[in-house]
Amino acid sequence: MHLQVPLFPGYVFVRMALVDRLRVLQVPSVVHLVGFNGHLSPLPDEEIEGLKKGLAGGVRAEPHPFLTVGRRVRIKSGPLEGREGILLRRRGVLRVVLSIDLIMRSIAADVDAADVEPAVHGGPL
C-alpha cells in the first residue's frame with residue numbers, strides 16, 4: 001500500500017476571477033488567499049502546469065523543505081523537462097527539489113543523472 005500525502009500541505013490551488021474571491025473565502029477551511037499588501041498574487045500558469053504534467057507523467061515526488069541554496073540543475077528530458085531546481089543525492093538516489101517561490105514550498109522529485117544538466121541561469125521551477 002502506497003500512502004499518498006499532499007505535495008503542498010495546507011494549500012489548494014484554484015483558478016478564479018477576482019470577483020469570486022469572497023465566494024472562495026467563504027468555503028469552509030479556507031483561511032486566506034496568497035497575496036501581499038492586500039493584493040492577490042497569482043502563480044504563473046506555467047509553474048502549476050509544469051508540475052501537473054510531471055506528476056501525470058509518473059514522476060515520484062514528495063513534499064520537501066524549501067531550499068534556496070544548492071547546486072542548480074535543469075531537467076533536460078522526461079515529464080519535468082525544462083524545470084530547474086536544486087540537486088540532492090540521498091542514499092544513492094538523485095532528486096531535484098522544485099520550488100514555488102511565491103509560497104516558499106518545495107517538492108523533491110526522483111531523477112536520473114542522465115536527465116539533468118547544470119543550470120546556466122535562473123528559469124522556471
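**Group meeting: a walk through a predicted model**

Let me begin with Arg-15, which is exposed, its relative accessible area being 65%, where exposed means over 50%, buried under 20% and partly exposed in between, with a 1.4 Å probe and protein chains only. What we are looking at is a predicted model, in which local features need pLDDT of at least 70 and side-chain atom pairs count only at pLDDT 80 or more, while totals for chains, interfaces and linings use all residues. Residues are numbered from 1 along each chain as its sequence is written, and side-chain values use heavy atoms, with hydrogens and water left out.

Staying with Arg-15, this residue sits in the segment before α1, and, once neighbours within four places in sequence are set aside, Arg-15 is in contact with Asp-45 and Glu-49, contact being heavy atoms within 4.5 Å. Between the C-alpha atoms of Arg-15 and Leu-43, which are 28 residues apart along the chain, the separation is 9.7 Å.

Now the overall picture. The protein chain contains two helices and eight strands, and from the N terminus on the order is α-β-β-α-β-β-β-β-β-β; here helices (H or I, at least four residues) and strands (E, at least two) are DSSP runs, numbered from the N terminus. The C-alpha trace spans about 45 × 40 × 25 Å along its principal axes, and of the 125 residues in the chain, 30% are buried. Among contacts with a separation of 6 or more, 57% join residues 24 or more positions apart.

Which residues of α2 are buried? They are Glu-47, Ile-48, Gly-50, Leu-51 and Gly-54, and because they fall within an arc of 160° when seen down the axis of α2, they line one face of the helix; the arc is that of the directions from the helix axis to the C-beta atoms. In general, an α-helix has 3.6 residues a turn, so residues three or four places apart point the same way. The cover over the buried residues of α2 includes β6 (93–100) and β7 (105–110), whereas the face turned away from the buried side carries the exposed residues Lys-53 and Ala-56. As for dimensions, α2 covers residues 45–56, twelve residues, and reaches 16 Å from its first C-alpha to its last, close to the 16 Å expected at 1.5 Å a residue, the expected span being 1.5 Å times one less than the number of residues. After α2 comes Gly-58, whose phi is positive, near 95°.

Apart from its neighbours within four places in sequence, Ser-41 is in contact with Val-34, Gly-35, Phe-36 and Leu-102.

Leu-7, in the segment before α1 (21–25), is likewise buried, with a relative accessible area of 18%. Not counting residues up to four places away in sequence, Leu-7 touches Leu-55, Ala-61, Glu-62, Pro-63, Ser-106 and Ile-107.

Finally, is Arg-83 buried or exposed? Arg-83, in the loop between β4 (72–75) and β5 (84–90), counts as buried, at 9% relative accessibility, and its C-alpha atom is separated by 9.7 Å from that of Ala-119, 36 residues apart along the chain.
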